[in-house]
Structures are given as C-alpha cells and as structure tokens.
Amino acid sequence: MAKTDSPPYLRLSLIFLSISLLSLFFQLLLNRFDELNPAPHPPEALSRVLVPVRKHFDRIVEATERIGDGLVDGPEDFAYDAESGVVYTSCADGWIRRVKVGDSVVGPAVEEWVRVGGRPLGLALRPDKRAVLVAEAYKGLMQVTMEGHIELLTDEAEGVKFKIVDGIDVAEDGIIYFTDASYKYSLHDYSLDILEGRPYGRLLSFNPSTNQTRVLLRDLYFANGVSLSPEQDFFVFCETFVRRCRKYYIKGEKKGMVEKFVENLPGYPDNVRYAEGLLWIGSPSGQNLFYDTLFRYPLLRKIMGIVGKFYQASNLETESGIMAVNLDGEVVARYSDPGLGQVTGGLRIGNYLYYGSLSAPYIGRLKLNQEGAPVSTAAA
Ligand SMILES: *[C@@H]1O[C@H](CO)[C@@H](O)[C@H](O)[C@H]1NC(C)=O
C-alpha cells in the first residue's frame, strides 16, 4: 500500500513546490518590469551614437608599472599635492590612501590615511590644503581635514537626496563643483540607471562659506567627472553614457552658460583631470556595439534589466583606458591597457600618467614624453 501511495504524494508536493517557485520567479520578474522604466527613445545626444570610432590615435599600452600593488583596492580617483608629492586616492574598501610618488617605483609608500566608509569616488584637495574633499557615493559630499576629521558637507539639493555622488573639483575661491550621477539609483544599481536611459543626474555646487548647495544643471545622463580649466573660467563635466563632456562657465560674460566641448568620445567618460594642456578622461569602457545597440532599443534594456537581476553581466567593457582631449575638444590620444578593465581616471604628474580602476589592486603608471606619448619603461 505505502509503496503505491507515496509516489503520488511526492509528485503532488513536487508539483506544488514547482508552482510556488515559478510564481515567485514571475513575481520577481514583474517587479523588475515595474521598477525599470526605460526611456522610449534614445537621448538626442545618442542619435549619432553609431558613428564609427576613429582608431588611428589609439595607443595600446601593456608594459605599465604597478604602484602599490596589493595595497590599494580599486583606486577610483586621485588628488595631488605637488608640495608634498603625495597622491590621495579613493578606494573600494572605503579608505582614502596616500601614496608618495616620485621618479623611482621602488618604495612608493602607501599609507592608510582615513577610512570614510561607503565608496569614495571623486577626490579634490582644497586650495588651502587643509582638507581633502570627497565625493562619497552613498553618503554625500564630505571633507576630511588634514587631522583626519570627517565631516559631511551636503547630501541633498532642492529637497532631493543624492544617490551617487561621483565627480568633484574645487575652484581657487573654495567653491566646490560636483555631480550626483543619479537621484534614482544608488551606486549598487548604477547599471539600472544606464538601462533606464533617463537623465537622473545633476551638476551641483557647494559654497563652504555659506553652506549652500546649488543645482547648476539637471537632467544629465549619468553626470560624472568634473575638472576646472587652467584659467578657472569654466569647468568640464562628463556625462557617461551619452559619451560627451561639456563646459560650464563660472566666470566672465558666459558665466552660468553651458557649451559643447567634446561629443562622440571613443569611450564612456568617467573622471576628468586637467594637466599640461590636456584633459585626461578615464573610460571604464570604450564605445562598443553592445551598449550602443542597447541604448537604441528600450525593450532590449528592459530585458537586460531582468536578466541583470539574476545574472550580473560583467566584462562587457572593452578597451577600457584613458582618453586625452585638448582644450579645443579634440581627442588626441587614447591609451588602453588590455590587462586592466574599469579604468575610471588618470592624472598626469610630470612625465607620468597615473591611472586607476574600480577593480585593480594597484595604480598604473605610464611614462610619457613631452608630447604625451608613452615611453617604454622596460628598463626602468
Ligand atoms: C556651515 O556648517 C558648519 C558645520 O555644520 C558650521 O559649523 C558652520 O557654522 C556653517 N556655516 C554657516 C555660514 O552657516
């Protein structure tokens, strides 16, 4: 009796279990459908997105030096103090580390300076050098005094909280310019922001003498890096997924105006830093057909959003590296390191280009000549 009875019971409970699991699965699926609301059309700035990338200026760089290998965890951005020769870098484990850089790779001392927690992204040294300003993705705009005191400066504007505080620079007068990549998605879900393709980013300023946070521009597509021009009359800010950077004037007749700087970049721009006539722009991925196609078709993005819930799509990035753009907005070179993905920023100091990535355990360093072309470091 028991022998003939138990299989149907077993089958019944298996069927029941399957139905529960299936309904749970569809529930999750539908939730995802509700949450992700892809823009019906690609942004206007992406209408030229399939323009082929010029390849002739590419420089593939493999033999770079590794600074602080194993001692820095995903160095995202850099701030440099020329006086002390110290580079501050923002790490994935919430630490701001100090790295003494010099001509010799032997013994660049890495120091665990201050742990701000979360995910510090953009960094800038205050002009009076009394504090390092930190764009901490989750908490907001912070500053860390040289004594190591951590202070939150601002975490919202016009009643809307920041979700991904990202790029930063500071003018000589102390005004801080920074970006919130998205007010909808947090850094953890940044890929959903991209898949949705709606402009949730804002360009902001913070005045430390009044504690006032101002929205300079809204409706930006993943607002990212910020860099003051050498004359401090404007700054350049980047919007990652539309592959462009624009100028925002802070002085003179054009004050408050926005102007085109560079469009159709050969990669997705992240941090930007000015040095020696060029803007050095980190790009976690080169332009690629996968993303370009994705941005064109909202349904594809919806599907990717669902897939992404169960499967973290990675390694879709190709030709990650640094783009160099002159002040006329012309891309003059692109350096890509095949061994390194998710490059977020570069900083030229003297004859070296330092660069970091979300995932590397070191700071890459590349020797450059006067013209900014790489020099072999095999003998170094
Ligand atoms: C700005 O905020 C800081 C910290 O909360 C405070 O000490 C300072 O007095 C404020 N300054 C002004 C002008 O409100």
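Here are some notes on the predicted model, point by point.

1. Ground rules. This is a predicted model, so local features need pLDDT of at least 70 and side-chain atom pairs count only at pLDDT 80 or more, while totals for chains, interfaces and linings use all residues. Residues are numbered from 1 along each chain as its sequence is written, and side-chain values use heavy atoms, with hydrogens and water left out.

2. The overall picture. The chain has four helices and 27 strands, taken as DSSP runs numbered from the N terminus (helices are H or I with at least four residues, strands are E with at least two). Of its 380 residues, 52% count as buried (under 20% relative accessible area; exposed is over 50%, partly exposed in between, with a 1.4 Å probe and protein chains only). Among contacts with a separation of 6 or more, 52% come from residues 24 or more positions apart; a contact means heavy atoms within 4.5 Å. The accessible surface is about 17,700 Å², and carbon and sulfur atoms own 55% of that (Shrake-Rupley method, 1.4 Å probe; for residues, only the protein chains shown count as cover).

3. A leucine patch. Leu 10, Leu 14, Leu 17, Leu 21 and Leu 24 make up a nonpolar surface patch with about 510 Å² of accessible area together. Patch members have over 30% relative accessible area and no salt bridge; nonpolar side chains (Val, Leu, Ile, Met, Phe, Trp, Tyr) are joined within 5 Å, like charges within 9 Å. A salt bridge here is a side-chain nitrogen of Lys or Arg within 4 Å of a carboxyl oxygen of Asp or Glu. Leu 24 sits in helix H1 (residues 2-35) and is partly exposed at 47% relative accessibility.

4. Aromatic pairs. There are 13 of them in the structure (rings of Phe, Tyr and Trp, its six-membered ring, with centres within 6.5 Å; planes under 30 degrees apart are stacked, over 60 edge-to-face, the rest tilted). Phe 234 and Tyr 249 are a tilted example, 5.5 Å centre to centre with 55° between the planes. Phe 234 is in strand E18 (residues 234-239) and Tyr 249 in strand E19 (residues 244-249), so this pair ties together parts 15 residues apart in sequence. Phe 234 is buried at 8% relative accessibility, and Tyr 249 is buried at 8%.

5. A stacked pair. Trp 280 and Tyr 335 have ring centres 6.2 Å apart and planes at 25°, so they count as stacked. Trp 280 belongs to strand E22 (residues 278-283) and Tyr 335 to strand E24 (residues 331-336), so the link spans 55 residues in sequence. Trp 280 is buried at 0% relative accessible area, and Tyr 335 is buried at 4%.

6. Arginines over rings. Arg 365 lies over the face of Tyr 352, 3.8 Å from the ring centre. Arg 243 does likewise with Tyr 268, at 5.9 Å. The criterion is NZ of Lys or CZ of Arg within 6 Å of the ring centre and within 35 degrees of the ring normal.

7. Backbone checks. Most residues other than glycine have a negative phi. Asn 211 has a positive one, near 65°; this residue is in the loop between strand E15 (201-207) and strand E16 (212-220), and is exposed at 57% relative accessibility. Phe 222 also has a positive phi, about 55°, and is found in the loop between E16 and strand E17 (223-228). Phe 222 is buried, at 5% relative accessible area.
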